[in-house]
Each structure stands twice: as structure tokens, then as C-alpha cells.
Amino acid sequence: MLREITLGQYYPAESVLHSLDPRVKLFSTLVFIITLFSADNAVLFAIVLLSMIGIIRLSHVPFSFMVKGLKAIVVLLIIAGLFNLFLTPGKTLVSFWILSISDVGLKNAVLMTSRMILLIVGTSIMTLTTTPNQLTDGLEKSLGFMKKFNVPVHEISMMMSIALRFIPILIEETDKIMKAQMARGADFESGGLITKAKNMVPLLVPLFVSAFRRANDLSLAMEARCYNGGEGRTKMHPLKYNSLDQRAYICVALYIILFFAVKVIL
Amino acid sequence: MAIIRSKELVHEYIRRDEEGNVESIQLALDHVNLNVEPGQFISILGHNGSGKSTFAKHINALLTPSEGTIWVDEMNTSDDEYTFAVRQTAGMVFQNPDNQIIASVVEEDVAFGPENIGVPTEQIVERVDKSLKMVGMTKYKAHSPNKLSGGQKQRVAIAGVMAMEPKCIILDEPTAMLDPDGRADVLRAVHTLNREKGITVILITHYMEEVVDSDYVYVMEKGKVFMEGKPREIFKDVELLKEHSLDVPQVTLLAHELRKAGLDLPECVLTRKELVDALTQLGMKKAAAAQTTEKPAAEADVDKKNVLILDHVSYKYSPNTAYEVKALDDVNLSIKEGEFIGIIGHTGSGKSTLVQHLNGLEKATEGTIYYNGQDIYDKDFDIRDLRTQVGMVFQYPEHQLFETTVFKDVQYGPKNQGLDEKEQIKRAYEALGLVKLPEELYLASPFELSGGQKRRAAIAGVIAMKPAVLILDEPTAGLDPKGRDDILGLISDMHEKRKDTVILVSHSMEDVANYVDRIIVMDAGRPAFDGTPKEVFAHYKELEKMGLAAPQVTYVMNDLKEMGYDVDASATTVSEATESILKACK
């Protein structure tokens with residue numbers, strides 16, 4: 001039953017976006033978020049929206065995949081939208097019963113929800129076109145400067161990639177233990193919240209024990225293969241910029257110039 | 001010049017309490033002296049807890065000696081300066097295939113070692129390709145390790161060590177968790193490395209058949225080397241090996257029994273060919289006429305009722321997606337009350353999926369199953385009750401232990417059945433008695449028990465529900481020969497006492513042949529053969545094509561039969577074979 005969960009939303013396809021260096025995508029996503037939140041009029045908003053649509057077309061990922069991410073936050077979106085709509089003071093446009101909609105409220109509600117939607121879709125383009133491993137590599141390399149401030153960047157990214165490797169194994173293990181306890185008459189479905197939580201003990205204890213055992217084995221195996229932290233390590237696939245990445249950076253730069261020029265003019 | 005040399009090596013595991021005072025000292029290695037020449041293939045045999053793994057970790061400087069010295073390529077491993085050089089010279093492969101693969105892509109995992117020692121990028125790519133080719137895994141370069149079989153994962157792990165270009169490779173029970181196919185693949189890869197690349201190999205194992213081809217064997221017990229020599233010298237002393245409950249290859253055992261009975265055979269026989277050749281020298285009786293193997297009369301248990309009936313059962317994983325896999329394909333079976341059945345098949349043959357249907361953990365996509373005449377997919381049918389009637393012991397059942405004491409853990413099943421406390425306690429007590437766990441352990445934490453004890457406790461947890469049908473999925477996986485014999489003997493004893501229906505899932509023909517009355521061979525989601533062990537093993541040639549091997553004696557007997565000797569080709573156990581050969585020699 002747990003087998004069906006697919007983790008990491010990577011969507012394999014051949015596209016310009018898929019072959020870009022993860023650092024380019026991380027940087028562009030950051031630029032996208034900044035511009036999205038500094039777009040405060042219709043023209044600027046249109047620029048953001050249009051460039052996003054262009055990128056979606058480039059990604060070769062079906063649009064339905066991007067919208068999937070929205071399902072999880074649809075309730076949040078509605079609540080936030082409604083609060084903004086009704087509870088913002090300003091010149092009243094419509095009012096009925098005890099509720100009233102102000103001009104500022106309407107503007108805020110529309111702006112806020114569309115920003116949220118664009119934010120989710122925009123960032124999911126990055127996760128859909130980048131494998132989790134590329135992402136950790138990209139993060140390690142782009143955050144490398146933080147080593148100077150004693151942030152263990154290499155260790156964190158190593159932990160992330162090991163987690164990615166072991167998540168499917170632990171999911172499978174959960175499935176197995178669950179079945180084994182069900183064969184002993186365990187019931188994971190019925191009962192109230194507290195009973196349910198209590199019934200999880202026979203599942204969680206073995207799972208933790210197993211996770212520790214695996215961690216122990218793995219650390220031995222890593223040591224046996226001369227692992228000694230990030231110092232002096234080389235890479236089989238080091239991140240290297242190519243001409244495609246350079247062109248992408250130029251596009252992002254042009255986008256920034258265009259956006260802020262318009263912002264200053266208007 | 002020796003590549004590995006140990007002198008009076010001692011290692012103690014010291015357990016300390018919270019204040020750091022010494023609680024207990026366990027002597028894991030007791031003055032071990034050992035010498036390995038470059039290019040040799042060395043095996044170290046021994047039970048779990050004999051100290052063989054502790055020794056392996058010394059060669060790789062994962063552990064350092066408490067006393068004595070060990071040199072790897074003339075480097076003293078206790079010297080911190082050499083730690084990484086030692087690990088680079090002597091690479092290590094561990095038992096659990098999953099827990100030693102670090103990266104999510106095969107080639108990246110192989111690159112992990114070279115990356116750590118700072119090999120330049122271009123050379124890493126070269127080394128990775130070369131290593132993957134050595135173990136025959138080039139095709140899977142870009143795959144995720146999660147999609148590989150156990151044997152393939154182990155070969156990736158070997159490639160990962162080879163990419164560091166070591167002089168020596170240590171394998172710590174690399175095949176203990178694999179099926180026969182995977183075992184054969186891994187061993188083949190290791191032998192190739194030894195022969196063609198001149199890599200020194202140290203194979204740690206408890207499977208006797210695996211050491212037959214090695215140059216030198218050390219047998220360890222209680223931290224000491226208690227036997228050493230060429231395989232032939234070791235296997236000469238069958239009685240001594242048996243005394244220490246070490247396994248002997250079936251052929252060697254058969255030869256030994258025949259010699260004891262007075263036949264003039266060479267002192268140590270290691271292979272099937274040697275035995276057959278030696279036997280033909282003796283002038284056995286030839287069969288009078290071309291005798292066809294008569295079919296044993298069908299047993300008269302027609303009156304016994306069917307407990308479980310599978311009616312056209314099919315099962316697909318992830319139906320209607322790209323990942324659809326047909327795990328069961330139109331299976332029809334009936335299982336009678338009181339039968340002792342072995343289900344055999346290689347990994348992926350559908351045997352585990354099949355048994356998970358019997359207690360309703362998986363639901364058939366097509367067809368139905370009847371338990372005592374009732375359709376288990378009927379909406380009025382109580383599926384939770386079925387699970388207590390058809391008890392299921394999973395593979396590595398000790399991984400499901402969770403309670404604070406063994407006794408409470410065993411009580412868990414009866415408690416879920418809704419029995420009152422008095423009955424729960426009674427059931428747990430009975431079950432623990434049946435699995436012969438010493439009483440002083442009842443109140444111990446299950447995590448403090450040894451491997452074999454844990455497994456017994458976990459089996460008790462299922463038996464405590466008093467199921468009418470008991471299913472055990474690979475109950476001997478990962479155990480050493482002694483543990484394996486103990487558990488199989490226990491299951492067989494319990495079957496005698498409880499007269500219940502027992503279904504034993506296994507990939508080892510030799511294990512099963514000695515105990516069960518009926519064997520079902522699964523292949524590609526269907527039962528390929530179904531009958532008594534004798535009937536099934538008569539198809540030994542077809543079984544081999546399915547990646548399953550019949551017991552070694554079956555091969556010997558069939559070889560003799562084909563040469564026209566008057567022996568019973570359907571003998572499946574050593575004692576049957578001995579009897580038949582002796583008769584032919586008179």
C-alpha cells in the first residue's frame with residue numbers, strides 16, 4: 001500500500017530545462033521568487049506570468065503535473081483569500097449581512113492568491129526537472145561559501161543524498177513490518193486518534209531499530225571505503241557550466257533588467 | 001612476502017555502564033595467527049559469533065587489536081598513519097547488500113571510494129567502467145540500486161571496492177542474504193577477480209560448498225583458529241566437523257558414510273564427478289533391465305479435508321500502470337489438513353506473494369480463495385479472524401519484535417485476538433515452550449537475545465495465536481548451518497506435536513527435502529511442479545533451468561543411473577542414497 005507513494009517529484013523528460021546545471025535553476029528560481037513578490041502592478045505581473053508560461057512550455061512537463069502540487073494547499077489558498085477579501089479595511093465596494101468587501105481587500109486577495117499559485121508552480125518546475133541528487137549537488141556547490149562560517153555544507157548534502165537513497169528502502173520496510181504485525185492481528189485503521197497512535201507502537205519501534213541498524217552498517221561501509229568527510233574529495237560528475245548554462249544566465253540577466261526597468265519607469 | 005600477517009591477535013569487546021566502569025569483557029579473538037600470500041584465495045569458516053567477522057574488520061582497520069599485531073602489506077594497522085592506505089589496499093564487502101550502497105545511481109556508488117581518496121575525475125570514470133565490467137554489471141550503470149536483485153547489489157558493492165584498486169578484497173558473508181542464483185553470480189565474480197586480476201581474496205562464510213575451491217581454509221571457533229589447511233585436509237575429518245555442527249558438502253558426507261560402511265573410497269571426496277568416478281571403480285551391479293522409475297502409489301489421504309483452496313488466483317502489482325507485474329498467474333491449488341508443504345522458487349517466482357494471499361494480506365486481482373469452504377473475499381467473511389487461523393511468520397521475523405519483554409511480545413497476538421489476560425498468558429507460555437526458548441529469557445528484552453533466539457521468540461509470537469495453518473517465509477534466511485538445522489528441526493517437531501498444516505517457503509532444496517511431504521515449485525507465478533520430494537526432484541534437469549538446484553545426491557544418483565548402475569535415482573537424502581549404493585555394491 002505504501003509502495004505507491006512516489007517520492008521526489010522528478011519528471012524524466014528531454015528538455016532544455018532538464019539539461020541545465022542545477023545551480024542555474026536554483027538561481028533562476030530565487031530570481032523568480034524575488035520578482036514575483038516585488039511585482040505590484042499589472043504590467044510587472046504580466047511579465048512574471050508570461051516568462052513563467054514560456055518556461056513551462058520549455059520544460060516538456062505536462063501542465064497537470066504542476067497543478068498537482070497545488071492540491072495540497074488549496075484549502076490554505078481559499079482561507080487566505082477569504083480573509084484578505086473580507087477583513088481588509090478600505091473603501092467598501094459591496095457589503096451584505098456583516099461582511100463587506102473593500103477595494104484594497106479585493107486587490108490583496110487577488111494578488112495574494114495568484115502569487116501563491118505562481119510560487120508553487122514556479123518552484124515545482126525546478127523540482128520536476130532536477131533529480132534530487134542534482135539538487136543536493138547544486139546546493140552543496142552554491143552554498144559552498146558558507147563553509148567559511150563553519151556551516152557543514154558537505155555533511156548536510158551527504159546526509160540529504162543518503163536520506164534520498166534510504167527513503168524507498170524504509171518505505172518498503174514499513175510495508176513489511178505493517179504486514180507482519182497485521183498477520184499477528186494488529187489493526188492500524190480503526191479507533192480514535194489516541195488508540196491509533198498507540199497501535200502504531202508495534203510499527204514504529206521495529207522501524208527505528210532497523211533504521212539505527214542500517215545507519216550503523218552504512219557508516220562502517222563508508223569508513224571501509226575511505227570516507228573521511230569532504231576534505232580532499234573529488235567528484236565523478238563535477239558540476240561544470242557549459243554554453244547552454246551561460247545562455248541561460250544571460251536570459252535571466254535580461255529578465256532582471258527588463259523587470260526592474262519597467263518597475264522604475266511605471 | 002605475506003600480504004596479510006597476524007601475530008597473536010587478540011580483540012576484546014568491552015562493555016561499559018553509564019559511568020564508564022567495565023561491565024563485561026568478551027574475548028572475540030583469542031591469539032589468532034594467520035598468514036596470507038598475495039594472490040591466494042583464502043576462506044574463513046565458522047559459526048555466528050566465532051570471531052570471523054571481527055577478524056575481517058581488523059584487516060580493514062575498522063577495528064584495531066587489543067593485543068598482538070596485524071600487518072597488511074607490511075603496514076601495521078594500529079598505526080593511524082596507515083589507516084587509509086590499509087583500507088585502500090584491503091577493501092571490504094559486507095553481508096547486507098542494501099546497507100553498503102551509498103549513492104542512488106549504480107555508477108555513482110562505484111565512484112564513491114575513488115572520490116574519497118581524491119582520484120582525478122577522468123580517472124574515476126575509467127575506473128568505474130573497468131570495475132563494473134569486471135563484475136558484469138556494466139548494463140546497470142545508470143540504474144537505481146533499489147531496482148536490482150540482492151546478487152546484483154553485492155556485485156555493485158564488489159565493483160565499488162575494485163574501483164579503489166586494492167590488492168586484496170575481504171568479503172564478510174557476502175552471500176548469506178542471497179538466493180542460489182545470486183550466490184552463484186557473486187562467487188563467480190570473486191573467483192574471476194582472483195584468477196584473472198590476481199587479487200587476493202578472503203572469503204568469510206558459513207557455506208561449506210563455497211570454500212571447496214579455495215587455496216587454504218581457516219576454521220574458527222570461539223575466537224580461535226581451530227583447524228586450518230587445504231580444503232581436502234579440512235574435509236577429511238568429517239566427524240570432527242560434524243561435532244562442531246559445521247556443514248559438510250552433501251557429496252563429501254555421502255562419500256564419508258559409504259567409506260564408513262566399508263566401501264573402498266578415497267579419503268576425501270569434494271565434487272560430484274570425483275565421487276561418481278570412484279564409485280564406478282568399485283564394480284557395482286548394473287541394472288538388469290531398463291527399469292523405469294515406478295511411480296510411488298498415491299497416498300491414501302483422499303479423506304483428509306482441504307483447508308485452503310485457491311481457485312484461478314491471479315495477482316498483479318500496480319495494475320493498469322507502466323509498472324504492472326503479474327506476480328501470480330492463474331494458480332489452482334488445494335492444501336489439505338495436516339500437510340507439511342515446501343514451496344520452492346527463486347526470487348521473483350511469486351512464492352512470497354502466493355503465501356501472502358493465503359491469510360488475506362494481499363488480495364487477488366482475479367479468482368478466489370476458500371478457507372474451510374468459505375470464500376475469504378465474501379463481505380461477511382472476517383479477514384482478521386482468518387489471519388489468526390492462518391499464521392504467517394515473515395522473512396527475518398525478528399525484525400518485528402517491539403515489546404519490552406519477550407513474553408509481552410509473544411502475548412501481542414493473543415491480545416489482538418481479544419482473549420482474556422489469563423488465556424493470553426497461558427498461550428504465550430505454551431508457545432515459548434514449543435520453540436524451546438530457555439525460561440530465564442522470558443522477561444529479557446527481545447533486543448538482547450542472540451539471532452537464533454530472536455527468531456524463535458518471533459515464531460512463538462505467531463504460534464501463540466494457535467493457527468490451524470502455519471506459514472513460514474524463508475525461516476532459515478541469514479542463519480548459520482547450526483541455526484538453520486535447529487530451526488528446521490523445531491518446525492518439524494512442532495508439526496509432529498500440533499498436527500497442524502505447515503507451509504515452508506524456501507529457496508533451498510536441500511533444506512526442504514529432508515522435512516516436507518509435498519513440494520510445490522513456483523516458477524513465473526505458476527506452480528511448475530507439485531508432488532512428493534521424490535517426484536519433484538525427478539525433474540532435476542528442468543529445475544536447474546529455473547535457477548533451482550536439486551540436492552547434490554540427486555545428481556550423483558542420476559549420474560550413476562545413467563551409466564546403467566542399479567541404484568535408486570529418486571533418493572533425495574544422504575541416508576537413502578547410502579542405502580541404495582550399498583545395496584548395489586553387494
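**Domain organisation and packing of the predicted model**

Chain A is divided into domain 1 (16–130 + 240–265) and domain 2 (154–225), with bounds from an automatic or database domain assignment. Taken over C-alpha atoms, the centres of the two domains of chain A are separated by 37 Å. The model is predicted: local features need pLDDT of at least 70 and side-chain atom pairs count only at pLDDT 80 or more, whereas totals for chains, interfaces and linings use all residues. Residues are numbered from 1 along each chain as its sequence is written, and chains are lettered from A and ligands numbered from 1 in the order in which they are written.

The model scores ipTM 0.86 and pTM 0.85. Chain B has an average pLDDT of 87, and 97% of its residues score at least 70; pLDDT is the predictor's confidence in each residue, from 0 to 100. Over residues 289–298 of chain B, pLDDT stays under 50. Where pLDDT is low, the predicted coordinates should not be read in detail.

Of the 586 residues in chain B, 49% are buried (20 or more other C-beta atoms within 10 Å of the residue's own, with C-beta atoms placed from the backbone). Not counting residues up to four places away in sequence, B:Val556 touches B:Val251, B:Leu254, B:Arg272, B:Leu275, B:Val276 and B:Ala577.

Conventions. Two residues are in contact if their C-beta atoms, placed from the backbone, lie within 7 Å. A residue is buried if 20 or more other C-beta atoms lie within 10 Å of its own, exposed if 12 or fewer, and partly exposed in between; C-beta atoms are placed from the backbone.
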